[in-house]
Amino acid sequence: MGEGEVPVGAVVEHDGEVIARAHNLREGLDDPTAHAEMLVLREAARKLGRWRSTGATLFVTLEPCAMCAGALVLARIDRLVFGCADPKGGACGSVFDIVREPRLNHRIEVVRGVFEEQCQSVLKQFFEERRAENGAGKRL
């Protein structure tokens with residue numbers, strides 16, 4: 001991952017094959033929407049030749065935020081598998097549950113906690129290092 005990027009990675013699987021992979025690039029692209037999920041959805045759409053990703057599963061290390069959860073619904077992803085929950089901003093069951101909102105026209109099957117400890121460990125280490133670099137008292 002690029003310098004200073006929160007270590008979140010995502011892949012899209014379709015028909016048993018990984019068709020797209022991405023990681024966060026917000027810092028590198030100076031783009032607030034360059035989350036791993038957004039980037040991998042774009043790549044999957046290119047590979048599939050359509051914007052609908054029906055029949056696909058998205059795997060990601062951290063529970064998607066509201067923006068990404070909304071994009072997953074719009075892309076018609078069938079299944080979401082994520083590593084660790086995001087109790088401050090997760091929108092797939094933690095803070096919100098956009099991907100299973102009954103008022104929307106598509107709902108996504110969610111599998112949470114896959115390699116949870118490993119995903120939490122990588123994220124925790126990243127933020128501990130960032131705090132140490134920026135002074136222990138500063139919030140990121």
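## Packing of helix 2 and helix 3

In this predicted model, helix 2, spanning residues 36-48, packs with helix 3, spanning residues 66-74, at an angle of about 25 degrees. The axes of helix 2 and helix 3 lie 9 Å apart. Angles under 35 degrees count as roughly parallel, and helix 2 and helix 3 are therefore roughly parallel to each other. Their crossing is left-handed.

On the side of helix 2, the contact is made by Glu37, Met38 and Leu41. Helix 3 contributes Met67, Cys68, Ala71 and Leu72. By class, the residues of this contact comprise 6 nonpolar and 1 charged, with no polar residue. An α-helix has 3.6 residues a turn, so residues three or four places apart point the same way.

## Surroundings of helix 3

The buried residues in helix 3 are Cys68, Ala69, Ala71, Leu72 and Val73. Cys68, Ala71 and Leu72 also take part in the contact with helix 2.

After helix 3 comes Arg76. The phi of Arg76 is positive, near 65 degrees.

## Glu43 in helix 2

Helix 2 also contains Glu43. This residue has a relative accessible area of 22%. Buried means under 20% and exposed means over 50%, so Glu43 is partly exposed.

Which residues does Glu43 contact, leaving aside its neighbours within four places in sequence? They are Ile19 and Ala20. Glu43 and Val12 are 31 residues apart along the chain, and their C-alpha atoms are separated by 8.9 Å.

## The aromatic pair

The count of aromatic pairs comes to 1. Phe126 and Phe127 form this pair, with 5.0 Å from centre to centre and 80 degrees between the planes. Planes over 60 degrees apart count as edge-to-face, so the pair of Phe126 and Phe127 is edge-to-face.

Are the two residues buried or partly exposed? Phe126 has a relative accessible area of 12% and is therefore buried. For Phe127 the relative accessible area is 29%, which means that Phe127 is partly exposed.

Key: Residues are numbered from 1 along each chain as its sequence is written. This is a predicted model: local features need pLDDT of at least 70, side-chain atom pairs count only at pLDDT 80 or more; totals for chains, interfaces and linings use all residues. Side-chain values use heavy atoms; hydrogens and water are left out. Axes are lines fitted to C-alpha atoms, for helices over the stretch in contact, and angles run from 0 to 180 degrees between N-to-C directions. Helices (H or I, at least four residues) and strands (E, at least two) are DSSP runs, numbered from the N terminus. Angles under 35 degrees count as roughly parallel, over 145 as roughly antiparallel, 65 to 115 as roughly perpendicular and the rest as oblique. A crossing is left-handed if the near helix is turned anticlockwise from the far one by less than a right angle, and right-handed if clockwise. Contact means heavy atoms within 4.5 Å. Ala, Val, Leu, Ile, Met, Phe, Trp, Tyr, Cys and Pro count as nonpolar, Asp, Glu, Lys and Arg as charged, and the others, Gly among them, as polar. Rings of Phe, Tyr and Trp (its six-membered ring) pair if their centres lie within 6.5 Å; planes under 30 degrees apart count as stacked, over 60 as edge-to-face and the rest as tilted. Buried means under 20% relative accessible area, exposed over 50%, partly exposed in between (1.4 Å probe, protein chains only).
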